[in-house]
Amino acid sequence: MKTLVVGLGNPILGDDGVGWRIAEEIQHSGSLPPGVDVVCLAVGGIGLMEALEGYEKAIIIDAIVTHRDPIGTTSSFRLDQAADPSFSHLTSAHDTSLPNAIQVGSDLGIRLPDQITIVAIESQKVYDFSEELSTPVAAAIPEAVRLIMEILRENR
Amino acid sequence: MQRISIDPITRLEGHGKIEIFLDDEGNFANSYFQIPELRGFERFCVGRQVEEVPILTNRICGVCPEAHHMAGAKAVDAVYHVDPPRTAKMLRELLYSAFYCTDHTTHFYALAGPDFIMGPTAPVAERNILGVIHKVGLEIGGKVIQMRKYGHSVVEMIGGRKVHPCTSIPGGLTKGITTEQRDEIEKMGRWAIEFAQFTLQAFNDIVLGNKDYLDLILGDIYTHRTYYIGMVDENNKVNFYDGKVSVVGPDGVRLGKYAPNEYPDWIAEHVEPWTYLKFPYLKKVGWKGFVDGKDSGVYMATPLSRLNAADGMATPLAQAEYEKFYSTLGGKPVHQRLAIHWARLIELLYAAERWVELVTDPEITSDNFRTIPTEKPTEGVGIVEAPRGTLTHHYWTDERGVTTRVNLIVGTTNNYAPIQMSTKKAAQSLIKKGGVISEGLLNMVEMAFRAYDPCFGCATHSLPGQMPLEITIRDAKGNTVDILKQNC
């Protein structure tokens with residue numbers, strides 16, 4: 001079983017870099033199950049679909065701003081069960097949404113994950129350039145790492 | 001007053017949108033194309049070792065990091081007063097040509113294609129790349145993905161990484177390529193030429209062969225007569241990586257050419273109260289408002305601009321297409337904005353030909369890929385043609401090479417005034433009193449700005465998460481009457 005963990009976002013735009021930070025924590029945790037690869041990306045749509053090629057499962061970690069949950073809240077859900085699967089960095093305005101790209105890839109015979117889990121962190125400071133996370137978002141990292149490691153264990 | 005909002009939402013909230021205002025009788029009153037402000041990128045770059053900046057500016061955009069890396073690398077060369085060896089310049093341009101093939105291919109099949117292949121008023125659910133490949137055939141979809149793979153592969157071989165290259169350093173590159181890599185890159189480049197020719201033929205059959213589409217392209221709705229800029233080589237042929245920026249007027253007469261370090265003499269910025277972003281204009285002509293004509297300093301920087309600003313293409317197959325382009329559309333310059341799509345495909349062919357030209361040069365595998373800088377760093381400007389327009393990076397440093405100031409003018413910023421004018425004219429032409437404001441009609445307004453393929457990430461120097469368009473229609477009291485969602 002090959003699984004890809006993707007940290008998505010922009011590492012120089014404050015809280016938007018939280019996906020990268022969590023992915024890096026997981027990469028360096030020393031307890032990654034076999035068959036798991038970790039990457040940090042700043043692409044959506046077709047580019048993101050291309051990165052998923054050859055994997056059976058994927059976990060995508062991204063910042064999200066809903067204003068519904070307290071800053072730092074971590075949530076997880078399946079991409080195919082998302083109310084609006086075009087949210088967040090999953091779509092590229094220069095090509096298409098991730099669900100569309102996955103459909104294109106599948107129709108073309110590209111092997112893509114049959115299960116994509118989104119781990120989203122409610123974020124705050126995403127308008128100012130900075131390599132620092134806000135305090136509540138940084139505080140969410142351990143819980144997000146724990147959650148992802150649990151998903152990885154369940155996937156085995 | 002009624003307000004219609006064409007709203008490309010992002011999860012950052014900071015998103016570009018088109019606001020269309022109608023008067024009480026339902027006639028068009030005005031429209032504004034707004035891009036959000038994301039704060040402080042230039043300031044963020046200050047206080048860093050300058051050679052770090054081309055890597056940092058990569059992070060502005062997930063779509064064209066190669067363009068920022070190249071403009072940054074050239075600016076750093078200028079800061080250190082060092083001229084990279086010929087092999088280094090060729091390798092950078094080779095990487096850049098492969099990137100262009102990827103980028104232009106994606107734009108045509110995923111963004112421009114749906115409007116023409118599915119039709120501008122086709123149902124939203126079908127007007128996307130999925131609809132396109134099902135209509136034109138899965139085999140072609142496979143070729144699109146193959147073209148992207150080849151482009152990524154060349155970027156990785158020369159640039160060290162698939163998307164965000166990192167091998168350009170002051171005076172050249174950290175590494176060259178092997179003869180085995182050269183052979184592989186050549187094979188992919190020859191495939192890319194065939195693919196570009198196939199794509200131009202498809203455009204010819206699907207778009208030019210359809211009278212309605214040709215009328216749409218040639219019609220007044222999408223036409224503006226402005227200045228055009230684009231980089232040219234010493235023979236005034238289009239070049240994406242190096243040369244001077246040529247400026248031509250709406251009458252096709254060249255106003256002049258400027259070297260990268262002369263850009264402050266040519267480009268100035270106008271401020272409007274309704275948007276954070278500034279509007280660049282030609283300083284020598286002056287700002288006269290959002291108006292066409294020779295007396296207005298508004299200019300455009302797109303694939304069409306590059307063709308208009310040059311005397312031709314430097315490769316034979318692209319030159320033949322260039323000549324066909326102008327003979328079909330009535331001579332130079334071409335002012336019809338939807339012709340940007342055709343110009344983009346001619347550039348695709350040029351990039352593929354240039355790819356093969358560069359990789360078959362005997363010096364491409366030379367070990368002489370860096371000149372060590374020996375002078376004290378000061379200040380430098382680097383300009384390349386990004387797919388979406390002329391890209392300028394300007395860095396200032398202290399004597400240790402630590403940045404004291406950074407200024408960027410990116411493709412979409414150049415085009416802010418023309419995009420504003422194009423969306424306004426399309427809305428004004430299409431939205432009439434008593435007419436139904438349908439989803440298809442609003443898509444035709446959106447086509448006015450889609451031709452430019454504006455990049456909010458580049459314009460705001462960040463990487464916003466991008467979303468499909470959401471079009472909100474409000475009544476005179478501001479209440480939402482309808483929401484139309486449109487997937488890219």
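What follows is a short exchange about a predicted model.

Biologist: Why are H7(B) and H12(B) called roughly antiparallel?

Modeller: The axes of H7 (residues 179-208) and H12 (residues 339-359) of chain B cross at roughly 160 degrees. Angles over 145 count as roughly antiparallel. Therefore H7(B) and H12(B) are roughly antiparallel to each other. Their axes come within 8 Å. H7(B) passes H12(B) in a left-handed crossing.

Biologist: Which residues of H7(B) and H12(B) make the contact?

Modeller: From H7(B), they include Ile185(B), Ala192(B), Ile193(B), Leu200(B) and Phe203(B). From H12(B), they include Trp342(B), Leu345(B), Leu349(B), Trp355(B) and Val359(B). A contact here requires C-beta atoms within 7 Å.

Biologist: How do the residues of that contact divide into nonpolar, polar and charged?

Modeller: There are 14 nonpolar, three polar and four charged. Gly counts as polar, and Gly189(B) is one of the contact residues. Arg and Glu count as charged; Arg182(B) and Glu353(B) are among the contact residues.

Biologist: What makes E2(B) and E3(B) a pair of strands?

Modeller: Pairing takes at least two bridges. E2 (residues 17-22) and E3 (residues 28-34) of chain B have six, in the antiparallel sense. One of the bridges joins Leu22(B) to Phe28(B) in E3(B). The two strands form a hairpin with five residues between them. In the turn, Gly26(B) has a positive phi of about 90 degrees.

Biologist: Which residues of E2(B) lie on the covered face, and which on the uncovered one?

Modeller: Ile18(B), Ile20(B) and Leu22(B) form the covered face. Lys17(B), Glu19(B) and Phe21(B) form the uncovered one.

Biologist: Turn to chain A. Why do E2(A) and E4(A) stand at the edges of the sheet?

Modeller: The sheet is open, with five strands in the order E2-E1-E3-E5-E4 and mixed pairing. E2 (36-41) and E4 (74-78) of chain A each have a single partner strand, so one side of each is left without a neighbour in the sheet. The twist averages 20 degrees from one strand to the next.

Biologist: How do you know that E1(A) and E2(A) pair?

Modeller: The threshold is at least two bridges. E1 (residues 3-8) of chain A and E2(A) share six, in the parallel sense. In E2(A), Cys40(A) is the bridge partner of Gly7(A).

Biologist: What packs on that sheet?

Modeller: Helix H1 (residues 18-27) of chain A does, touching E1, E2, E3 (57-64) and E5 (115-122) of chain A. The direction of H1(A) makes about 140 degrees with that of E1(A).

Definitions and conventions. Residues are numbered from 1 along each chain as its sequence is written. Chains are lettered from A and ligands numbered from 1 in the order in which they are written. This is a predicted model: local features need pLDDT of at least 70, side-chain atom pairs count only at pLDDT 80 or more; totals for chains, interfaces and linings use all residues. Axes are lines fitted to C-alpha atoms, for helices over the stretch in contact, and angles run from 0 to 180 degrees between N-to-C directions. Helices (H or I, at least four residues) and strands (E, at least two) are DSSP runs, numbered from the N terminus. Angles under 35 degrees count as roughly parallel, over 145 as roughly antiparallel, 65 to 115 as roughly perpendicular and the rest as oblique. A crossing is left-handed if the near helix is turned anticlockwise from the far one by less than a right angle, and right-handed if clockwise. Two residues are in contact if their C-beta atoms, placed from the backbone, lie within 7 Å. A residue is buried if 20 or more other C-beta atoms lie within 10 Å of its own, exposed if 12 or fewer, and partly exposed in between; C-beta atoms are placed from the backbone.
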